[in-house]
Amino acid sequence: MPAKRDGFTSTFGVLLATLGSAVGLGNIWKFPSLTGLNGGAGFLLVYLLATLLVALPVMIVETMLGRAARANAITTFEQVAPRSQWWWKSIGWMGFLAALLIMAFYSDVAGWVYAYIFKAISGEISTTDPKVAAEVFGKLVSNPLSSLLWQWVVLVVTGSIIMLGVSKGIEAVARKLMPLLFILLLVLCARSLTLPGATQGLVFLFSPDFAKITPAVMLTALGLAFFKLSIGMGTMLTYGSYFREDQNIPLTATRVMFADLSISLLAGIAIFPAVFALGFEPAAGPSLVFMTIPAVFTSIPGGTVFMTIFFVLTAIASVGAILSLLEVPVAILSERFGLGRKRASVFTILAIGLMGVPAALSQSLTAELKIFGMNPFDLFDFLSSNVLLPLGGILICLFVGWVYGLPQLEKQLSNDGKLHNQALIRTVYFLIRYVTPLSIAAVLLHGLKVF
Ligand code: TRP
């Protein structure tokens, strides 16, 4: 008998925890900056297709594998198909690496969010002037000491949450506060949409120019779809291992996908009309959100207070996502190497801290350290989102479609016949056997210029 594992206790709790992993800086920071960098509506369209046709089926089967095995991302593949080839286990190891790579830059961005809480309070970012906004952001990220310091604050805060085992409490608080973030986003949207000259932003966001959809743009959109739903590296698998037997997996995944999508879209509508109305540059990249969101708040009476609350809530939202990222290496280290949760957490945080140094210094000391033309920050992001996650997605689909097989998939996704969702299961089966892996492979090879 394996040791009794922790688990989620209610169906609704499962939904919220999964949502807590999906929603994070990906919605508020990554989605808008990539949409701006990749030409707007065309990118959004590909992202929507990738989410529905690729990411959702992967999310369903990845979660299912975890619940079937009730184990970490490596042990699961041994457990579910004991006689299968060793290389299926590489999915777990790739996930381990992806988690560290993602955390190396994610903790950096979370650090900027923490820093912006204090900048909001001091009034330093209460400006609608693009030049001033760019200066404030530039000063923060180009200072090696402050970049490293804020990253370490994030790592110490989230590391202690994992070590002290208080993550459930924190997540409970986070969940209660998330409706407030939603409301603040609505307020931002209302303000942004009523600024003079806002329509141009809506055109940018919703009227696609198909010429801008290049293979590289498609790969970035696919990578974002994986990143957003926390799939392709074992996070959803590990969360699935804590799911209840009576949880409707396809329904839960679909709900999380829609909720997550709405938050990203709200962030987009809050940002792009203001970008055009106030004269910001849509292709500003990682700095976009940190300049425009304060600008929109500055155009609202009492904006300083709202702005502060907004950055506090974003910081809290990032905690749920970070905990789910840390869970993958921590579960592997503690369950497979018998390290104990505390030591596994310390190792993980130290490894991320080391890998995080070049990422955090990407706007200063390591800016010229280019590999494939990218600084370490961009490289880590590219390798994890655009290479490792899609690769993991292909392997998960092939494993479930060709090794695990339909009878077991039906049993698992219908909760042993209790749910009457045969047609849905067959659709998922067809997708993950052919459509999903082939489309991921095509986009991946094309985007990486292999052919
Ligand atoms: N989905 C989260 C976000 O959008 C980030 C995240 C959490 C993640 N766990 C993950 C991304 C696992 C990839 C894989 O902010």
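Begin by selecting helix 5 in this predicted model: 27 of its 33 residues are buried, so the helix is largely enclosed by the rest of the structure. Helix 5 covers residues 90-122, and at 1.5 Å a residue it should span 48 Å; its end C-alpha atoms lie 48 Å apart, in agreement with that expectation. Centre the view next on M103, where helix 5 has a kink of about 30°. Then step just past the end of the helix to G123, which adopts a positive phi of about 85°.

From here, display the side chains of K119 and E124, which form a salt bridge with an N to O distance of 3.6 Å. K119 is buried, with a relative accessible area of 14%, whereas E124, at 31% relative accessibility, counts as partly exposed. K139 counts as exposed, at 56% relative accessibility. A further selection is E78, K89 and R336, which are joined into one network by salt bridges that share partners.

Finally, select D381 and K30, whose side chains meet in a salt bridge at 2.9 Å, N to O. D381 counts as buried at 13% relative accessibility, and K30 counts as buried at 3%. The count of salt bridges comes to 11.

Methods:
Residues are numbered from 1 along each chain as its sequence is written. This is a predicted model: local features need pLDDT of at least 70, side-chain atom pairs count only at pLDDT 80 or more; totals for chains, interfaces and linings use all residues. Side-chain values use heavy atoms; hydrogens and water are left out. Helices (H or I, at least four residues) and strands (E, at least two) are DSSP runs, numbered from the N terminus. The expected span of a helix is 1.5 Å times one less than its number of residues. The bend at a residue is the angle between axes fitted to the seven residues ending there and the seven starting there. Buried means under 20% relative accessible area, exposed over 50%, partly exposed in between (1.4 Å probe, protein chains only). A salt bridge is a side-chain nitrogen of Lys or Arg within 4 Å of a carboxyl oxygen of Asp or Glu.
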